[in-house]
Amino acid sequence: MAEDRSLRPDPEMIPQLLDTYGDRLLRLCTLYLRDIHLAEDALQDTMLRAWRARDTFRGDSGAATWITHIAVNVCRDYLRSPWKRRRAPAEELDTLFAPADDPQVDDTLPHAVMSLSRPLREVVILYYYQELKAREIADMLHLPISTVTARLSRAREQLRHTLKGWYYDEE
């Protein structure tokens, strides 16, 4: 899917971004924050920040990369906020997965991903769920590409260990 590199400020920009990237960003925020309600707030804040920063979009990256970067920063701000540190953790994450009585759905992998440390979970979500390249993740998180690839490698190893025997071809 080719990205729109010619995004320019106009009154229809935010509804257009929301239509195009809203579901993707909501999933990202939910995985990042582990709370669907907080993720909805983060999505609104992301759109507001995108609207305010619309004049600064230079087109160096695609619109998806630009708006995802904003969403990641919003989520980080939420996690750093004193309000988040003082509140009890939400149990909303379980509502994202299939009910336990549904034998057709296995939610082992999402739970394993969510059990990773924040830095590892962050790169896994951006790489596998948001389908960003390592270079885009490095630019977005202001990290060297070697750090991103090392985190991906460590996350894969931890997941391989956690999920050992989960795959039918591994024992």
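1. **Basis.** The model is predicted; local features need pLDDT of at least 70, side-chain atom pairs count only at pLDDT 80 or more, and totals for chains, interfaces and linings use all residues. Residues are numbered from 1 along each chain as its sequence is written, and side-chain values use heavy atoms, with hydrogens and water left out.

2. **Overall fold.** The protein has 8 helices and 0 strands. Both are DSSP runs numbered from the N terminus: helices are H or I with at least four residues, strands E with at least two. Of the 171 residues, 40% count as buried. Buried means under 20% relative accessible area, exposed over 50%, partly exposed in between (1.4 Å probe, protein chains only). Contact means heavy atoms within 4.5 Å. Among contacts with a separation of 6 or more, 69% join residues 24 or more positions apart.

3. A nonpolar core is a set of buried Ala, Val, Leu, Ile, Met, Phe, Trp, Tyr and Cys residues joined through side-chain atoms within 4.5 Å. The largest has 38 residues, and Leu17, Leu25, Ile67 and Leu126 have the most contacts inside it. At least two residues of this core come from each of H1 (13-33), H2 (36-52), H3 (63-80), H6 (118-129), H7 (134-141) and H8 (145-162). H3 gives the largest share, 10 residues.

4. Leucine 126 touches Leu28, Thr68, Val72, Glu131, Leu132, Ile137, Met140 and Leu141, not counting residues up to four places away in sequence. Another core, of 8 residues, lies apart from the largest one; Ala112, Val113, Leu120 and Val124 are among its members.

5. **Helix H3.** This helix is mostly covered, with 14 of its 18 residues buried. The end C-alpha atoms of H3 are 26 Å apart, which agrees with the 26 Å its 18 residues should span at 1.5 Å a residue. The expected span is 1.5 Å times one less than the number of residues.

6. **Helix H8.** H8 has 18 residues and reaches 25 Å from first C-alpha to last, close to the 26 Å expected. Val148, Arg151, Leu152, Ala155 and Leu159 are buried in H8. Seen down the axis, the buried residues of H8 fall within an arc of 100 degrees, so they line one face of the helix. The arc is that of the directions from the helix axis to the C-beta atoms. These buried residues pack against H5 (108-114), H6 and H7.

7. **Salt bridges.** A salt bridge is a side-chain nitrogen of Lys or Arg within 4 Å of a carboxyl oxygen of Asp or Glu. The whole structure has 6. Aspartate 77 meets arginine 49 at 2.9 Å, N to O. Aspartate 77 lies in H3 and arginine 49 in H2, so the pair ties together parts 28 residues apart in sequence. Arginine 80 meets aspartate 77 at 2.8 Å, N to O. Arg49, Asp77 and Arg80 are linked in a network of salt bridges. Aspartate 77 is partly exposed, at 29% relative accessible area; arginine 80, at 52%, is exposed.

8. **Buried charges.** Glutamate 122 and arginine 76 meet in a salt bridge (3.2 Å, N to O). The pair links H6 to H3, 46 residues apart. Which buried residue has no salt bridge? Arginine 151: its nearest side chain of opposite charge, glutamate 122, is 4.0 Å away. Here Lys and Arg count as positive, Asp and Glu as negative; His and the chain ends are not counted.
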